Amino acid sequence: MNTTIPQSGVADFESAERLFFLRMAYAIAATVVIGFGGFAALGISSFSSPWWVHLHAVSFMAWIALYITQNTLAYRGELQHHRRLGRVGALLAGWMVIMGLVLTPFTVSVGRVPPVFTPAYFLALDWVNIVCFAALVFTALHLRRETDWHRRLMFCATVCVIAPAVGRLQIIAMNQMSSWVVVGSLLSFVAVGMLADLRRHHRIHPAYGWGAAAIFIMAPLIDGLPATTLFQNLALQLAGAPQP
């Protein structure tokens, strides 16, 4: 019996998968809007923040906008435009990594760490998140010709980068933040992707395993690194306090 899927069936299959990732892009964007918008509505954050805070926010918002655009182009079949814009995405990702690694210690040095965090915890929180994002994005770029790996790793990377929005939602709801709750919330996005794979392909793509592992490991690193002498002394140096 011939089990070959007709070309029309393959095209429909691919279109359905592209539509799924486009919908998830909008779900990610909605999470960001609700998280940061909720902070603004409650007066916890405002537009009176220093310029570098706005630069950081615009850079990361640009990634979300780019992710939606790229998934829209893929869904429409405009792959040439998708590939050209991918070069911009690679530059933006590099810029975001530099921003995260530089502006986080600068924020500590000028005393703008949110009161719910210690300086050492804030360093670990942001640095672990941006390193996880970088690892997933640049692996996805390396595998850009393997579309199945590329789209899933990019999805996991973008889920990773919305951790600050998810953390804000948790603070709004619980008046505190737990790295494990944030990571669990991020993994729920990945779980949706896994379930979609099971429904369409009857198996989970291994890219989700790598993406989920990268996101999961953030929680023990974020909780563990601030307890190390290295991070405590670095935070004290940045804050201008004498070391013990």
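Trainee: Where is L55 placed?
Mentor: L55 lies in helix α2, helices being DSSP runs of H or I with at least four residues, numbered from the N terminus. This is a predicted model in which local features need pLDDT of at least 70 and side-chain atom pairs count only at pLDDT 80 or more, while totals for chains, interfaces and linings use all residues. Residues are numbered from 1 along each chain as its sequence is written, and side-chain values use heavy atoms, with hydrogens and water left out.

Trainee: Is L55 buried, partly exposed or exposed?
Mentor: L55 is partly exposed, at 31% relative accessible area; buried means under 20%, exposed over 50%, and partly exposed in between, with a 1.4 Å probe and protein chains only.

Trainee: Which residues make the nonpolar surface patch?
Mentor: W51, L55, W95, I98, L101, V102 and V131 make this patch of about 700 Å². Areas come from the Shrake-Rupley method with a 1.4 Å probe.

Trainee: Which helix gives the largest share of the patch?
Mentor: That is α3, with 4 residues.

Trainee: Changing topic, where is H202?
Mentor: H202 is in the loop between α7 (179–201) and α8 (206–216).

Trainee: And what is its phi?
Mentor: Phi of H202 is near 65 degrees, a positive value in a residue other than glycine. Most residues other than glycine have a negative phi.

Trainee: Is H202 buried or exposed?
Mentor: H202 counts as exposed because its relative accessibility is 67%.

Key. Helices (H or I, at least four residues) and strands (E, at least two) are DSSP runs, numbered from the N terminus. Patches are made of residues with over 30% relative accessible area and no salt bridge: like charges are joined within 9 Å, nonpolar side chains (Val, Leu, Ile, Met, Phe, Trp, Tyr) within 5 Å. A salt bridge is a side-chain nitrogen of Lys or Arg within 4 Å of a carboxyl oxygen of Asp or Glu.
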